[in-house]
Amino acid sequence: MAIRRAQTLLCLSKFKTNFVFGSLHRFSSSSQNSNQFQNVGFIGLGNMGFRMVNNLIRAGYKVTVHDINRDVMKMFTEMGVSSRETPYEVAQDSEVVITMLPSSSHVMDVYTGTNGLLLGENDIRPALFIDSSTIDPQTTRKISLAVSNCNLKEKRDNWEKPVMLDAPVSGGVLAAEAGTLTFMVGGPEDAYLAARPILQSMGRTSIYCGGSGNGSAAKICNNLAMAVSMLGTSEALALGQSLGISASTLTEVLNTSSGRCWSSDAYNPVPGVMKGVPSSRDYNGGFASKLMAKDLNLAAASAEEVGHKSPLISKAQEIYKKMCEEGHETKDFSCVFRHFYNGKDEV
């Protein structure tokens with residue numbers, strides 16, 4: 001089981017979930033408006049998970065963590081945060097378990113593999129599982145079914161069976177650090193309402209998308225739009241430079257005109273145009289090109305499964321595959337401006 005390693009170890013003091021498998025579990029109305037969970041397990045302490053855990057701690061949750069990166073686990077234990085050697089051990093200590101992992105295979109392994117979260121199907125403590133990984137809806141639904149087939153070690157209020165929510169996020173590392181992520185949530189709506197206080201401790205917005213797998217589907221579609229808009233913005237800015245327009249000037253035009261988008265006004269790909277974004281630090285510390293390539297592969301597979309024509313997926317796949325093959329896989333996906341379109345830094 002490979003869990004994404006934290007690429008940047010930062011000082012803790014810097015930081016401060018209808019297609020439903022099984023039965024729909026009803027919870028008391030009071031539980032929907034109050035925080036009924038305090039013990040939260042978190043698995044996957046990479047660039048995103050590391051910061052999400054810090055926000056859970058700031059919100060007052062008792063957190064237990066796990067990752068194969070022992071250095072990052074040591075950082076938490078030195079701050080008094082419990083760590084465990086296996087996902088199963090995390091589950092034994094937790095009422096809720098959140099996973100933030102790189103791929104579908106990693107999530108499946110953490111849930112159903114050796115020493116996984118669902119080890120001992122008739123003796124599971126967590127009532128709620130929240131997967132914030134970006135994976136395909138089909139895998140999400142398989143794991144949700146496996147969760148719903150388990151039994152709880154201890155009954156909680158009206159919780160008769162454990163429940164899984166898929167709750168991938170948008171906003172990247174900066175939003176994870178600031179606690180302003182957007183969660184796209186699939187699963188039973190009552191479970192979403194019960195989980196909302198936890199989500200609000202890590203994000204600014206949570207949107208209920210429907211049944212199991214719909215959160216994952218929403219995230220795939222969002223990242224497809226993000227990839228295509230970044231490519232379009234980068235292409236336009238590089239072309240503008242070739243035509244004699246500075247990137248700063250063209251950015252101002254875009255951001256006050258119909259070309260405005262997140263890639264131009266919040267995550268500009270041209271080094272020197274905007275502070276605090278990956279392009280201002282040599283495309284480090286952002287959303288890696290290899291992860292964008294992975295997400296585009298998920299979008300392509302999903303589109304093929306439902307017979308949807310998606311030519312822009314294919315082109316974006318081709319470009320990000322090339323970025324990875326040329327050694328830029330760990331650079332932020334906005335590096336296409338420099339490494340694919342040969343754009344120039346703003347002087």
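## Packing of helix 9 and helix 12

In this predicted model, helix 9 and helix 12 cross with left-handed geometry. Helix 9 covers residues 214–242 and helix 12 covers residues 289–306; the two pack at an angle of about 120 degrees, with their axes 9 Å apart. Helix 9 is therefore oblique to helix 12, because angles of 65 to 115 degrees count as roughly perpendicular and those over 145 as roughly antiparallel.

On the helix 9 side, the contact is made by Ile220, Asn223, Leu224, Met226 and Ala227. Helix 12 contributes Met292, Asp295, Leu296, Leu298, Ala299 and Ser302.

## Helix 2

Helix 2 runs over residues 47–58, and its end C-alpha atoms lie 17 Å apart. At 1.5 Å a residue, its 12 residues should span 16 Å, so the two values agree.

Most of helix 2 is covered, with 10 of its 12 residues buried. The buried residues are Asn47, Met48, Gly49, Phe50, Arg51, Met52, Val53, Asn54, Asn55 and Leu56. Just after helix 2, Gly60 has a positive phi of about 100 degrees.

## Cysteines

Zero disulfides are found in a search of the whole structure. Cys221 is in no disulfide: the nearest cysteine sulfur belongs to Cys209 and is 10.0 Å away, whereas a disulfide needs the sulfur atoms within 2.5 Å.

Cys221 has 52% relative accessibility and so counts as exposed, the cut-off being over 50%. Cys150, at 1% relative accessibility, counts as buried, because buried means under 20%.

Technical notes:
Residues numbered from 1 in each chain as written. Predicted model: local features only at pLDDT ≥ 70, side-chain atom pairs only at ≥ 80, totals over all residues. Heavy atoms only, no water. Buried < 20%, exposed > 50% of the residue type's maximum accessible area, 1.4 Å probe, protein only. Helix = DSSP H or I, 4+ residues; strand = E, 2+ residues; numbered from the N terminus. Expected span 1.5 Å × (residues − 1). Axes fitted to C-alpha atoms, helices over the stretch in contact; angles between N-to-C directions. Parallel < 35°, antiparallel > 145°, perpendicular 65-115°, else oblique. Left-handed = near helix turned anticlockwise from the far one by under 90°. Contact = heavy atoms within 4.5 Å.
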